Amino acid sequence: MATISDVAARAGVSTATVSRALNGKSTVDPALAEKVREAAAALGYQPNGLARNLRRQETAVLALVISDVENPFFTAIARGVEDVAQTSGYSVVLCNSDENAEKERRYLDVALQERVAGVVLSPTGGGTDVSPLLGRGTPVVAVDRPLDAVDGDQVLVNTKCAADEATRHLIEGGYRRIGCLTGPEGVRTADDRLAGYRSAIADSDTQQETYFRRCELRTAHAKAATLDLLDADAPDALLVVNSTMAIGVLEALRERGLRPGRDVGLVSFDDAPWAALVDPPLTVVAQPAYEIGSIAARLLLDRIADSSRPPEARVLAAELIERGSSHR
């Protein structure tokens, strides 16, 4: 098996130069780095990852802890993180917290024990504790939801404003009993979207009351909450806070013999792949999920390279895509 000394001899450089070149250090002349890589490839040389990681006291692995792997919004974030990480020589380990604080805590403990290089995290709630990671010097970037107790890097979307805009769109479409289906209290995005809905209703001349239900961010829970809301308050339109819940809403409307748009206006957060395929196509608040992931990965890699950088918060805009479900 070829050694680093063999590569150095073939390339005509020192072993230190080989190490820097293969680790992507910018201090190595690009032409020389290419010569080292060619020598390593010709000899079939594989760096000793374990020894390298022990020297670094970390692994070339990023942990990505998301709330729901079945939600297309989070899978798009994951793709954005992975694409950026791979080009920089990092692997990504995906962890699914299932909106469960205890499961999230266990994954963060594993990230600490395995000495990952950094963590991208969608927190289950404002009380998520990342202080052990930060105390070890492991950087954390929050996505979708902020870490309330930490002044750190984060990539968010202004979903309160987006929910306000979506509700006003329904008001302008002539709907007069607009309801909202949102997630559990304490989930920041669920609270923000409900606040945006309430803000638009408060400014409305045509509707004075708010009609909403909170439930778990799951299809079955959303269906049950929608049936309850339909029976109790008879809304003629609904704002739904994510696409997983929207499936349950569509099931509930079908069970009641109600057609989206004509009978009940419908707007959902997130432009899932199926949203344009249902009849009528679903009006959505599209969030830039892939960009959230890719920006978060770049912020994390920048933080790994320079821990003294000031914290950076990126707030991205969502886009209302009008389709048939919000028009009579």
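Select strands E8 (residues 237-240) and E9 (residues 265-269) first. The two run parallel, and four bridges join them. Helices (H or I, at least four residues) and strands (E, at least two) are DSSP runs, numbered from the N terminus. Two strands pair if DSSP finds at least two bridges between them. Now pick out Leu-239: Val-267 in E9 stands opposite.

A word on the model. It is predicted: local features need pLDDT of at least 70, side-chain atom pairs count only at pLDDT 80 or more, and totals for chains, interfaces and linings use all residues. Residues are numbered from 1 along each chain as its sequence is written, and side-chain values use heavy atoms, with hydrogens and water left out.

Axes are lines fitted to C-alpha atoms, for helices over the stretch in contact; angles run from 0 to 180 degrees between N-to-C directions.

**Helices on the sheet**

Contact means heavy atoms within 4.5 Å.

**H5 and H12**

Move to helix H5 (residues 72-87) and helix H12 (residues 289-305). Their axes come within 7 Å and cross at roughly 40°. H5 and H12 are therefore oblique to each other. The cut-offs: angles under 35 degrees count as roughly parallel, over 145 as roughly antiparallel, 65 to 115 as roughly perpendicular and the rest as oblique. The crossing of H5 with H12 is right-handed. A crossing is right-handed if the near helix is turned clockwise from the far one by less than a right angle, and left-handed if anticlockwise.

Show side chains here. On H5, look for residues including Phe-73, Ile-77 and Val-84; on H12, the residues they meet include Tyr-290, Ile-292 and Leu-301. By class, this contact has 10 nonpolar, three polar and three charged residues. Ala, Val, Leu, Ile, Met, Phe, Trp, Tyr, Cys and Pro count as nonpolar, Asp, Glu, Lys and Arg as charged, and the others, Gly among them, as polar.

**H1 and H3**

Go to helix H1 (residues 4-11) and helix H3 (residues 30-43). The axes come within 9 Å and cross at roughly 125°. That makes H1 oblique to H3. This crossing is right-handed. H1 contributes Asp-6, Val-7, Arg-10 and Ala-11 to the contact; H3 contributes residues including Lys-35, Val-36 and Leu-43. Seven nonpolar, no polar and three charged residues make up the contact by class.

Select Asp-233 in helix H10 (residues 219-233). Is Asp-233 buried or exposed? Asp-233 is buried, with a relative accessible area of 19%. Buried means under 20% relative accessible area, exposed over 50%, partly exposed in between (1.4 Å probe, protein chains only). Leaving out residues up to four places away in sequence, Asp-233 touches Arg-177, Tyr-211 and Arg-213.

**Zoom out**

Show the whole protein. It has 12 helices and 12 strands. Its C-alpha atoms fill a box of roughly 80 × 35 × 30 Å, taken along the principal axes. Of its 328 residues, 48% count as buried.
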